[in-house]
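Dear colleague,

Please find below the structure that I am handing over to you, together with its sequence.

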Amino acid sequence: MCNNYRLHVPANQLAAPFTDIGRTLALPDGLPNLEATDYRIGDRAPVVLAGEGGLRLVMAPWAWKGPTGKPVFNFRSEGRSFAGSTRCLIPADGFYEFTEPKVAGKKTRWRFTLIDQPWLWIAGVVKDGAFAMLTTEPGPEVAAYHDRQIVVLPPGAGAHWLDLSAPEDLILRPSPPGSFVVERVYP
């Protein structure tokens, strides 16, 4: 399951989909200097939250501690309603899945990026000040690499998740065929 994603997009580009629908993305701590990076579980990463003051981009840790003390970094979406949850959008321009065979003890690493989009949103939820990515059944391209996938939204669809302005079952679903470019990045 997704335990590594990348963001190589400047922070100012993340506001564009909201500006297009007449909304403002506040930057409470100023425009963050988001260096092009790969994020891993436990890293602080940018997320977009909605609240009484509007939309805001904040930095939050990826994963909260579960009841057993293990990190909760992915959260199954099926059979749940998130209407009462603190929802977030996680900006990324790609995510990774890992498969066998292992080469020198490391699995083969695959990067997924959206076709015809420079970046994407990952639907998430916030608990105890940290975020987790929502998962669903895999779409056809991801199914060849993993039995689950994160919920991926194109840039223009992010507000639907934050506002629940579309039914949850239409948002929290596998990506349709032809959504991704898949590249082998290791070895």
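Glu78, Glu137 and Arg148 are joined to one another in a network of salt bridges. Please bear in mind that this is a predicted model. In the structure as a whole, a search finds seven salt bridges. The general idea is simple: side chains that carry opposite charges can pair when their charged atoms come close.

In one of them, the side chains of Arg23 and Asp163 meet, with a distance of 2.5 Å from N to O. Arg23 counts as partly exposed because its relative accessibility is 26%, and buried residues have to be under 20%. Asp163 is also partly exposed, with a relative accessible area of 35%.

Another salt bridge is formed by the side chains of Arg109 and Asp38, at 2.8 Å from N to O. Here too distant parts of the chain are linked: Arg109 is in strand β11 (residues 106–114) and Asp38 in strand β3 (residues 37–40), 71 residues apart. Are these two residues, Arg109 and Asp38, buried or exposed? Both Arg109 and Asp38 are buried.

Lys107 makes a salt bridge with Glu100, and their closest N and O atoms are 3.8 Å apart. The pair still counts because the limit for a salt bridge is 4 Å. Lys107 itself is partly exposed, at 36% relative accessibility.

The structure holds one cavity of 30 Å³ or more, and the volume of the largest cavity is about 30 Å³. Which residues line the largest cavity? They are Pro17, Phe18, Ile21, Pro155, Gly156, Gly158 and Ala159. The helices α1 (16–19) and α3 (158–163) each contribute at least two residues to this lining. Sorted by class, the lining has five nonpolar residues, two polar residues and no charged ones.

Finally, there is a feature of the surface to report. Val103, Val185 and Tyr186 form a nonpolar patch there, and together they have about 200 Å² of accessible area. Val185 is located in strand β16, which covers residues 180–186. With a relative accessible area of 31%, Val185 is partly exposed. Val185 can therefore belong to a patch, as patch residues need over 30% relative accessible area.

Yours sincerely

How values were computed: Residues numbered from 1 in each chain as written. Predicted model: local features only at pLDDT ≥ 70, side-chain atom pairs only at ≥ 80, totals over all residues. Heavy atoms only, no water. Patch = residues over 30% accessible without salt bridge, like charges linked within 9 Å, V, L, I, M, F, W, Y side chains within 5 Å. Areas by Shrake-Rupley, 256 points an atom, 1.4 Å probe, with all protein chains shown as cover. Helix = DSSP H or I, 4+ residues; strand = E, 2+ residues; numbered from the N terminus. Buried < 20%, exposed > 50% of the residue type's maximum accessible area, 1.4 Å probe, protein only. 1 Å grid on protein atoms, 1.4 Å probe; cavity = no way out; pocket = protein on both sides within 12 Å on 5 of 7 lines; lining within 4 Å. Points joined across faces, edges and corners; volume = space filled by probe spheres on them. Nonpolar A, V, L, I, M, F, W, Y, C, P; charged D, E, K, R; others polar.
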